[in-house]
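Welcome! Take a look at the picture, then read on.

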Amino acid sequence: MAESAIVFGSHTFSQAYEIIPKFCLTPRSTTAPLLRPATPSTSPSQHPINPTTTTTSRPFTSTMSTPSSAETMSFKDAIHLRRSIYALNKQSPIADTTIEEIVRTALKEVPSSFNSQSTRLVVLLKDDHDKFWDIVRDILKAHVPEDKWEYTGNRIKGFRGGYGTILFYEDPEPIKALQTKLPTYADKFPTWSEHTSAMHQYMLWTALEAEGFGCNLQHYNPLPDQKASAEWKIPLEWSLKAQLVFGGVEEGAREALKVKDEVPMAERLFVHGASS
C-alpha cells in the first residue's frame, strides 16, 4: 500500500476522505509557499506572519494571504519558530487545501529507512477534530479519579479548542516485508520505523508553525485507537504514535513563551577535523 494521508473534515474535498498515494502529488501553488519570510522587525517570540489573532463569531474560520512565490522563510528561522503552543483557537491562517498540500509534501519528501514508506497520516479538521478529542475525553473520564479530573479535562478542552489534529500512524506491513527481505537487520526495522514517524512529526510541526499555526504534540495512544479506527475506518493494525494538534494562536500566547532551558552546547556538540 502506498504511503498515504487520509483527510477528514475539509469541505474542499468531494469525498468524505481521500487516500493520497505518494506518487499522486501536484506542484505546490506559487501563491502559498510552504515557508514564509520572517520580517526584520519581528521579535523572536512573535510569529512573523500572524503575530496576533482576531476572534470572530464563527467557530471555524480560514484566512489566506498571497505572498509572492519568491518569499520563503529560512530553514533556521523555521526551526527556531517551532514551539509548543497550547492556547489555540478554531481559526486557520491558510486554506484546508494548503494543509493537505503540506501533508502531501511531508509524505513525498521525508525519508524513511530503506524507503519503507511506512508512515500513514490521518488529518482531522473542524468537526472531525472535535470528535476525536471528545473520544479521548470520554475514555479518560472513565479512568481519571474525579478529584483529578479538572486538570485533565481542561487539557483536553484546550486540545479540542484547536482547528485540526494530525494522527501519525506506522503501518507494520512494510516493516515486516523488509524484515523478511533483510533478516540481518530484522531487529532494527521497528526502531527505524519510529525514526521515520518522528521525522514526519517534526517536519509537519515546523511547517504548520511557519504557516501561522500554533501546534503541540500529544501521545494519548493507545486509549483512542479502537474508537478512532471504527469512526474513521482506520486499519486496526496501524500503530498510532502521536497526535499533532494545531490551530490559530490566541493573542499573547507566543509572546508569553518562556525561554527554553538549554544544556550547554559544549556538553552536546563535538566536532572533529573542521578547519579553523
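Predicted model: local features only at pLDDT ≥ 70, side-chain atom pairs only at ≥ 80, totals over all residues.

The chain contains seven helices and eight strands, and 46% of its 276 residues count as buried.

**The whole chain**
- Among contacts with a separation of 6 or more, 84% join residues 24 or more positions apart.

**Helix 2**
- Helix 2 covers residues 96–109, and its 14 residues reach 20 Å from first C-alpha to last, close to the expected 20 Å.
- Its buried residues are Asp96, Thr98, Ile99, Glu100, Ile102, Val103, Arg104, Ala106 and Leu107.
- The cover over these buried residues includes strand 1, strand 4, strand 5, strand 6, strand 8 and helix 6.

**Helix 3 and helix 4**
- Helix 3 (residues 127–141) packs with helix 4 (residues 149–160) at an angle of about 170°, and their axes are 9 Å apart.
- Because angles over 145 degrees count as roughly antiparallel, helix 3 is roughly antiparallel to helix 4.
- Helix 3 brings residues including Trp133, Val136 and Leu140 to the contact, while helix 4 brings residues including Trp149, Ile156 and Phe159.
- The residues of this contact divide into six nonpolar, two polar and five charged.

**Helix 6**
- Helix 6 has 22 residues, which should span 32 Å at 1.5 Å a residue, and its end C-alpha atoms agree at 32 Å apart.
- After helix 6 comes Gly212, which has a positive phi near 115°.

Note on methods:
Residues numbered from 1 in each chain as written. Heavy atoms only, no water. Helix = DSSP H or I, 4+ residues; strand = E, 2+ residues; numbered from the N terminus. Expected span 1.5 Å × (residues − 1). Buried < 20%, exposed > 50% of the residue type's maximum accessible area, 1.4 Å probe, protein only. Contact = heavy atoms within 4.5 Å. Axes fitted to C-alpha atoms, helices over the stretch in contact; angles between N-to-C directions. Parallel < 35°, antiparallel > 145°, perpendicular 65-115°, else oblique. Nonpolar A, V, L, I, M, F, W, Y, C, P; charged D, E, K, R; others polar.
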